[in-house]
Structures are given as C-alpha cells and as structure tokens.
Amino acid sequence: MLLNQTQLEKAVAVARKNKPPHLGTNMTKRRRNAINKAFRHLVENPFINYENGKLLILSDSRTEKGEAKFYETSRDECRLIEPGNFLCHAFWDGFPCWHRAAFEIVENYFEIAAGLSPEVCPA
Ligand SMILES: [Zn+2]
C-alpha cells in the first residue's frame, strides 16, 4: 500500500511522543535517530508491505556481494530474512533500530486511519 504523507507525519508525531518511560539519554537519542531515519525512508519510499502484523523492509545497506537485504519486523522482533535468516544486530543488542521504528510508525498510521489513536496536538 501507499502511505499518505499527511497521515504519515501524524504517525511519526505519535511515535515521537510515545517514548517508553525510563529511557536513558543514550537510548533516547538512539530511538530519536531511528524514528528520524524511518521517517526519511518512508517519505522516500512510501510503498509498504505490511501483512499479518509484519512489515517487510528493504534495507539501505547491501551485502558484501552487493545483494539487496530485506528485513521483516514485527511487534516481537526484527529479523534479516533475505539473504539468510538472522536477528537484526541492533535488535539483538537491545537497541532501537530504524526497522522497528518504521514498524511502530506504520502501526500508528493504521491506528490513526482507524480513528483509534488520538492525534498529537502541537504543544
Ligand atoms: Zn532492525
């Protein structure tokens, strides 16, 4: 499906606001960077592949052989599924990654579309 720009911006605002509690400075920074990167990617490529709670993401990095890398991310985990089948390094290390940030934004997007999530008012 194709994401609507205005709605995407709202979904990002919700993600920024929904910071998990007790997040240290370093993690807060990483999370912010992940959200920014995910936002950038979703703007550049607003076609998403989301099915059954899983989002398929084309990585901006390539393998040593120059192959495209695909990640599959869900509420529970983030995984490189093509080529191979490995957990995402950042996820494995317990850090926010932009794949998961993209997933969070897309979920917010659907909640906003369904009228389930209150919109964030400008402070
Ligand atoms: Zn990841």
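What share of the contacts in the chain with a separation of 6 or more comes from residues 24 or more positions apart? I looked this up at the outset, in what is a predicted model. Such residues account for 48% of those contacts.

**Entry: the chain as a whole.** I counted 4 helices and 5 strands in the chain. Read from the N terminus, I found the elements in the order α-α-β-β-β-β-β-α-α. The radius of gyration is 14 Å, close to the 14 Å that the globule rule gives for 123 residues, so the chain is as compact as a globular protein of that length. Along the principal axes, I noted that the C-alpha atoms fill a box of roughly 45 × 35 × 25 Å. Of the 123 residues, 28% are buried.

**Entry: helix H2.** I turned next to H2, which comprises residues 25-44, 20 residues in number. From first C-alpha to last, H2 reaches 29 Å, close to the expected 28 Å.

Which residues of H2 are buried? I recorded Arg31, Ala34, Ile35, Ala38, Phe39, His41 and Leu42. These residues lie on the same side of H2 because they cover an arc of only 165 degrees around the axis.

**Entry: what covers H2.** I then asked what covers the buried residues of H2. The cover includes helix H1 (5-17) and helix H4 (98-113).

Key
Residues are numbered from 1 along each chain as its sequence is written. This is a predicted model: local features need pLDDT of at least 70, side-chain atom pairs count only at pLDDT 80 or more; totals for chains, interfaces and linings use all residues. Helices (H or I, at least four residues) and strands (E, at least two) are DSSP runs, numbered from the N terminus. The expected span of a helix is 1.5 Å times one less than its number of residues. A residue is buried if 20 or more other C-beta atoms lie within 10 Å of its own, exposed if 12 or fewer, and partly exposed in between; C-beta atoms are placed from the backbone. The arc is that of the directions from the helix axis to the C-beta atoms. Two residues are in contact if their C-beta atoms, placed from the backbone, lie within 7 Å. The radius of gyration is taken over C-alpha atoms; the globule rule is 2.2 Å times the number of residues to the power 0.38.
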